Structure formats: C-alpha cells, structure tokens
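Colleague: Could you walk me through this model, beginning with the metal site?

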Amino acid sequence: MAAQATDKLQGLDLNGQNGAKAETPAASQATPAEAEDDSDDDQEEGEGAADAGASGAAKKKKKRKSKKKKKGGAKVQSEPPRVPVSNLFPNNQYPEGEICEYLNDNAYRTTNEEKRYLDRMNNDFLNEYRQGAEIHRQVRQYAQKNIRPGQTLTEIAEGIEDSVRALTGHQGLEEGDNLKGGMGFPCGLSINHCAAHYTPNAGNKMVLNEGDVMKVDFGAQLNGRIVDSAFTMTFDPVYDPLLAAVKDATNTGIREAGIDVRMSDIGAAIQEAMESYEVELNGQMHPVKCIRNLNGHNIEQHVIHGGKSVPIVKSSNDQTKMEEGETFAIETFGSTGKGYVREDMECSHYALTPDAPNVPLRLSSAKNLLSVINKNFGTLPWCRRYLDRLGQDKYLLGLNNLVQAGIVQDYPPLCDVKGSYTAQFEHTILLRPNVKEVISRGDDY
Ligand code: MN
Ligand code: MN
C-alpha cells in the first residue's frame with residue numbers, strides 16, 4: 001500500500017548526509033537449493049516406461065537430470081504455491097535480504113559491539129520478517145510466471161492471496177488466526193492511470209488486457225511483521241523505459257535511506273533519478289514524472305502506515321529523520337500523466353483507524369461488523385472480499401456507518417488522469433542497528 005501525502009510544510013535545514021549505501025547484493029538465494037527444481041518434472045521422469053524408444057543419448061541426459069532432482073527427497077514449492085515455507089525451511093532459518101553496510105558517520109555501526117548486541121536481541125523480529133519476505137518472493141515468482149492478459153482481476157488477486165495464506169500456514173478463517181499470519185493488506189491490482197489501492201470487489205468482471213500496465217502490490221505478514229513490496233507487470237516492451245525509471249527511482253531511495261537521513265533528501269534523490277527518463281508511446285514522448293502526492297512510509301507491527309512518510313519529490317521540506325530500528329516501505333510511482341493522483345472509482349480497501357474514537361453505534365449491523373473486524377484484522381488493512389470470505393453479507397450499510405463515524409478509514413483507488421500510465425516498485429527495508437537489510441529483495445527486482 002502507499003501513503004498519501006498531506007502536503008505539509010516543515011522547517012528548512014538542508015545539510016544532509018547520506019547514511020548508507022548498498023554494498024552486497026545478497027538475497028538472490030531466495031529458495032533453498034532443493035526447492036529450485038520443478039516438482040512436475042519429477043513425476044514425468046519417474047514414469048519410465050515411455051522412455052523405451054528414446055535414443056541412448058537422450059536417455060542418458062534424462063537420467064542425469066532426474067538424479068539431480070531426487071536429491072535428498074527434498075521438499076519443493078508447488079505450483080500454485082501451497083507448501084508453507086516453514087516446511088521448506090525446517091529449522092526456521094530464512095534467507096536474509098540484501099545487506100547494506102552503513103557509511104560515513106554511521107560506518108562504525110557495522111562493527112560496533114553494542115550495535116551488534118542490539119541487533120542479536122531482535123532475532124524473532126528479524127526471522128518473522130525474513131519468513132514473510134521469502135513468502136513474498138515465492139508468490140510473486142509464481143505470479144510473474146503465470147499472470148496473462150485475458151485473466152480476470154478477481155482470479156489474479158485470489159491466486160496471489162490463496163498462495164500467501166497457504167505459505168504462511170494461516171488461512172485466516174478462525175478468529176485471531178489472520179493476526180498470526182497471512183495477508184499484510186489487500187492485493188492491489190491497479191491498472192494504467194490508476195496507481196494504487198485498487199482491488200476487485202465481489203462481482204467485478206474486469207479483465208487484464210495486453211496493453212495494460214498493472215501494479216501488483218501485496219503484503220505477507222507473520223505476527224504482524226508486514227513485508228510490503230510491489231512490482232509492475234506489462235506485456236508490451238514500449239513501457240520498458242517507464243518501468244526502468246521507477247525501478248531506478250526505488251533503488252535510489254533504498255540506497256539513500258539510512259539512520260539519521262532526512263526524508264527530504266531521499267525525496268530529492270528519488271525525483272532526480274525518476275525524472276531523467278522519458279517514454280515514447282504512440283509516437284509521442286512523455287517525461288516520466290514522480291507522482292508527488294504518493295509516498296513511502298514506515299511500518300509498525302500490524303500497522304501498515306506508521307505515521308512517517310518518505311516523499312518521492314524534492315519539494316517537500318520534510319526534516320523528519322529515519323531512526324534506528326525502524327522499518328520502511330520504500331516505494332516510488334512514475335507517471336506519464338500529471339504526476340498527481342486523486343481518489344476515483346469504487347472503494348475496496350479499509351482499515352481500522354489507529355486511535356479510533358469510542359463513538360456509540362446505533363446500527364446493530366455496524367456493531368457486528370466492528371466486532372468481526374476487531375477479531376479478524378485488528379489494525380491490518382482488509383478489503384470487501386475478505387469480509388465475503390468470512391461469510392459476511394449485506395454489510396455495506398454498516399461499513400459506511402463505521403467510515404462516517406471515523407472508526408474505519410477507507411482507502412479509495414488513487415488515479416492520475418485518464419489515458420496516462422503509472423508504474424510502481426516497492427521494497428521493505430529494516431534499519432537494523434548495525435546494517436540496513438532490504439528484506440524483500442529478490443533476483444527479479
Ligand atoms: Mn507501501
Ligand atoms: Mn505496497
């Protein structure tokens with residue numbers, strides 16, 4: 001999910017220093033060696049009778065291949081993904097993300113004993129995050145391989161959500177289960193001029209088209225440690241420069257981020273990277289603009305928007321700094337339109353307001369719905385489809401009542417002008433005491 005800017009003015013102190021720089025591209029070893037193989041192949045090769053007529057060379061080749069796959073009776077991820085990652089990593093040690101050493105004034109942190117000690121104290125937190133990140137990588141790998149034009153947004157969203165839930169081992173159908181693990185927020189599938197917060201509601205028949213630019217934004221969480229990461233899918237190479245711009249901008253933001261770094265400095269660096277690109281569509285050149293009223297954000301346990309924003313343009317004079325131990329979603333949005341989004345179309349995303357007012361509710365349907373929300377989602381965001389799968393129906397009146405009372409916050413889709421194209425890339429980073437970890441990094445983005 002993305003945070004929306006509130007266009008606020010702050011102080012004007014501008015001699016910043018970048019705290020950190022990416023150094024070691026780790027994180028590509030997303031899956032254990034055993035999980036790299038296709039499980040399908042194993043079965044085909046096991047039924048040897050059909051091999052009878054094959055040439056000697058072909059036979060030999062096949063035999064070698066199948067030997068490699070049988071190694072250690074290893075468990076592999078299924079297609080679609082349904083094997084909980086806790087079964088694939090039995091000792092509960094998940095791959096680390098990309099590790100970046102702190103630089104300049106913060107270089108001491110890498111070797112400082114106190115910082116290393118503080119870091120070790122956080123082992124459960126780190127492992128929950130790494131588990132969520134591994135789930136995100138495995139699910140998105142499947143999504144990237146299998147999403148095709150012609151599919152409905154509903155089947156795409158459900159395909160991703162069913163996979164995330166299965167891999168966390170939490171179906172989220174019993175009270176409290178979804179708070180232990182599952183989706184971190186609804187799977188966003190925002191198309192073309194729509195930049196964020198779109199997911200189908202029940203009955204939505206929208207189909208993905210060949211010429212579409214689709215932002216796939218989903219979160220996986222264990223114990224409320226939300227990994228928020230997004231990518232953009234296209235099926236026509238004309239959009240490649242748009243995607244390259246946004247990928248570069250997001251990686252620039254990740255590189256600049258660090259302890260004691262000012263938000264305004266990160267925004268400026270992101271904008272400079274993004275706006276050095278242009279894209280040609282139908283014979284017309286378009287500069288790639290940052291969407292200035294969308295932001296990255298910090299993440300707290302069970303809370304996707306922790307209250308700090310990471311701007312993606314330089315004009316914000318935000319003197320707020322990133323701090324040790326914080327988690328941030330670094331996300332940038334590029335657009336061929338105005339570079340400004342407004343709320344449009346039917347709302348699907350909602351979350352309990354963090355400090356919800358204790359207003360008496362007269363409507364019994366609102367009271368009942370609030371109880372369902374509290375027990376199943378707490379402060380995690382959810383969408384209407386998640387209420388449907390819990391067996392709720394005819395809840396719209398109650399839901400609107402909760403929104404009007406300020407107890408539930410609605411997050412309508414955010415769109416640039418019609419006819420424009422928007423793209424997004426996003427990673428979650430941990431500002432650990434001694435290193436910065438890009439927890440959701442994979443070899444795809
Ligand atoms: Mn986000
Ligand atoms: Mn997101």
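Modeller: In sequence, the donor residues of the manganese ion (ligand 2) are spaced M-x215-D-x10-D-x197-E, donors being N, O and S atoms within 2.8 Å of the metal (3.2 Å for Na, K and Ca), with water not among the atoms, so sites may look incomplete. This is a predicted model, in which local features need pLDDT of at least 70 and side-chain atom pairs count only at pLDDT 80 or more, while totals for chains, interfaces and linings use all residues. Residues are numbered from 1 along each chain as its sequence is written, chains are lettered from A and ligands numbered from 1 in the order in which they are written, and side-chain values use heavy atoms, leaving out hydrogens and water.

Colleague: Which residues coordinate the manganese ion (ligand 2)?

Modeller: Met-1 (N), Asp-217 (OD), Asp-217 (OD), Asp-228 (OD) and Glu-426 (OE) do, at 2.1 to 2.3 Å. Asp-228 lies in strand E6 (residues 225–233) and Glu-426 in strand E18 (residues 422–431), so the pair ties together parts that are 198 residues apart in sequence; strands (E, at least two residues) and helices (H or I, at least four) are DSSP runs, numbered from the N terminus.

Colleague: Are Asp-228 and Glu-426 buried or exposed?

Modeller: Both are buried, meaning under 20% relative accessible area, with exposed over 50% and partly exposed in between (1.4 Å probe, protein chains only).

Colleague: What does Met-1 bridge?

Modeller: Met-1 bridges the manganese ion (ligand 2) and the manganese ion (ligand 1), which lie 3.2 Å apart.

Colleague: Switching topic, how many disulfides are there?

Modeller: Zero were found in a search of the whole structure, taking a disulfide as a pair of cysteine sulfur atoms within 2.5 Å.
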